[in-house]
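This report goes through one protein model, from its confidence scores to its sheets, cores and selected loop residues. Please keep the sequence and the coordinates open while reading.

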Amino acid sequence: MADVSGGIARDEFLIRDAALLKDTVHEAGALALSLFRTELKRWTKGASSPVSEADIAVNDLLEKRLRSATPDYGWLSEESVDDNSRLARRFVWIVDPIDGTRGYLAGREDWCVSVALVEHGLPVLAAVFAPASEEFFFAARGQGAVLNSLRVHVTQGAELDFARIAGPKPLVERLRFSEHEIILHPRIGSLALRLCRVAQGSLDAAFAGGQSRDWDLAAANLIVQEADGNMTALSGDALVYNRREVGHSMLVAAGRDRHARIVEHFRRQPVP
C-alpha cells in the first residue's frame with residue numbers, strides 16, 4: 001500500500017479518519033440537538049435557502065475538529081466560503097452541517113448532520129447522523145454500511161411500489177405505468193436522510209431533483225452503495241465529487257435491480 005504522508009500507509013490514515021469522523025459527527029449532532037427547538041437567529045441566503053446560527057455553530061465545530069486533525073485535506077461545506085485549493089487535494093471533507101434546515105427550524109425531526117471524506121472525487125468514509133431520532137449511519141468503502149452499528153441493506157427486487165418511493169412527485173410520475181394516482185411516501189426534508197432510508201430498506205427508491213450539491217449527496221452516496229444499492233444520475237452516470245462545479249442533475253438511489261430498471265426507463269423516456 002502506497003504511503004500518503006510521513007510513512008503512514010493509506011489504510012492507517014483511513015482507520016484514524018474513521019474514528020475522527022464518528023467522534024466529530026456525534027459531537028456536532030449533539031450541538032445541533034441542543035439548539036433544536038430554541039429561539040435562533042435566522043436569515044436567507046441566495047434566493048430562498050434558510051440559514052440559522054445553529055448551522056454556523058455546527059459548521060464551525062466540524063471545521064475546527066476535522067481541519068485541525070487533517071491539515072492537508074481540502075474542505076467543502078455548504079456553510080463555508082469555497083476555497084478552490086480543495087481541487088488539488090487528494091482527500092477532501094465534504095460537509096453539510098444541518099441538512100434539512102427548513103425542517104430543523106420548523107421543529108421537525110427529518111434533519112441530519114452529513115459528512116463524507118472524498119478521495120480523488122469518490123467518497124471513502126461517510127457519516128449521516130439524525131440526532132433527533134438517534135440514528136447514526138456510517139460507511140467505509142468496501143466495509144458495508146451500518147445504522148447504529150447494525151448492518152443495513154437495500155430492499156431487493158425491481159418492482160415499483162410508489163408508496164415506498166420518495167422524491168419530487170413530477171419526476172416520479174414519469175415512472176407511471178397506469179392511470180392510477182401515484183401516492184408517494186411522505187416527504188423527507190433532508191435529502192441525505194431520504195437517501196439513507198433507501199440504504200436501510202425503509203424506502204425502495206429515492207429521487208432528487210436537479211438542485212442538489214456535493215454536500216447533500218456525498219455521504220449518503222457511499223452509504224447507499226455500501227448497503228448493496230446504487231445511486232447515480234438518471235442517465236446512469238456515476239456521481240463525482242470535489243469538482244469546480246458542485247451541482248448535480250436529477251438522480252436516483254435504489255437496490256441494484258430496481259435502480260437498473262429505473263435508469264433504463266429514463267433512458268427510453270428522458271426528462272426534457
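## Model and confidence

This is a predicted model, in which local features need a pLDDT of at least 70 and side-chain atom pairs count only at pLDDT 80 or more, while totals for chains, interfaces and linings use all residues. Residues are numbered from 1 along each chain as its sequence is written, and side-chain values use heavy atoms, with hydrogens and water left out.

The average pLDDT (the predictor's confidence in each residue, from 0 to 100) is 93 for the protein, and 96% of the residues score at least 70. Over residues 1-7 pLDDT stays under 50, and the model has 13 contacts for this stretch beyond four places in sequence. Contact here means heavy atoms within 4.5 Å.

## The seven-stranded sheet

Helices (H or I, at least four residues) and strands (E, at least two) are DSSP runs, numbered from the N terminus. Two strands pair if DSSP finds at least two bridges between them. An open sheet of 7 strands runs in the order β5-β6-β7-β8-β9-β10-β11, and its pairing is mixed. At its edges stand β5 and β11 (150-151), each with a single partner strand, so one side of each has no neighbour in the sheet. The pairing of β5 with β6 is parallel, over 4 bridges, and Leu76 has Ile94 in β6 as its bridge partner.

Strand β8 (residues 122-130) has 8 of its 9 residues buried, where buried means under 20% relative accessible area, exposed over 50% and partly exposed in between (1.4 Å probe, protein chains only). β8 pairs with strand β7 (residues 112-119) in the antiparallel sense over 7 bridges. The two form a hairpin with 2 residues between them, and His120 in the turn has a positive phi of about 50 degrees. β8 also runs antiparallel to strand β9 (residues 135-140), joined by 6 bridges. This second hairpin has 4 residues between its strands, with Glu134 in the turn at a positive phi of about 55 degrees. Ala126 of β8 is the bridge partner of Ala116, and Ala139 in β9 is the bridge partner of Ala126.

## The four-stranded sheet

Another open sheet has 4 strands in the order β12-β13-β15-β14, with mixed pairing. Its edge strands, β12 (165-166) and β14 (229-233), each pair on one side only. Strand β13 (residues 205-208) and strand β15 (residues 251-255) are antiparallel and share 4 bridges; Ala205 has Ala254 in β15 as its bridge partner.

A nonpolar core is a set of buried Ala, Val, Leu, Ile, Met, Phe, Trp, Tyr and Cys residues joined through side-chain atoms within 4.5 Å. The largest one has 42 residues, of which Ile94, Leu195, Leu217, Ile223, Met231 and Tyr241 touch the most other members. Helix α6 (residues 214-226) gives the most to this core, with 8 residues. A second, separate core of 34 residues includes Leu66, Phe91, Ile98 and Phe129. From first C-alpha to last, α6 reaches 18 Å, close to the 18 Å expected at 1.5 Å times one less than its number of residues. Asp228, which follows α6, has a positive phi near 75 degrees.

## Two residues in the β5-β6 loop

Glu79 is found in the loop between β5 (74-77) and β6 (91-99). Is Glu79 buried or exposed? Glu79 is buried, with a relative accessible area of 15%. Its side chain makes a polar contact of 3.2 Å with that of Lys45. A polar contact is a pair of N or O atoms within 3.5 Å; within protein, one must be able to donate a hydrogen and the other to accept it, and residues adjacent in sequence count only if both atoms are side-chain atoms. Leaving out residues up to four places away in sequence, Glu79 touches Lys45, Val51, Asp55, Ile56, Asn59 and Pro97.

Ser80 is found in the loop between β5 and β6. Ser80 is buried, with a relative accessible area of 18%. Apart from neighbours within four places in sequence, Ser80 is in contact with Asn59, Glu63 and Trp75.
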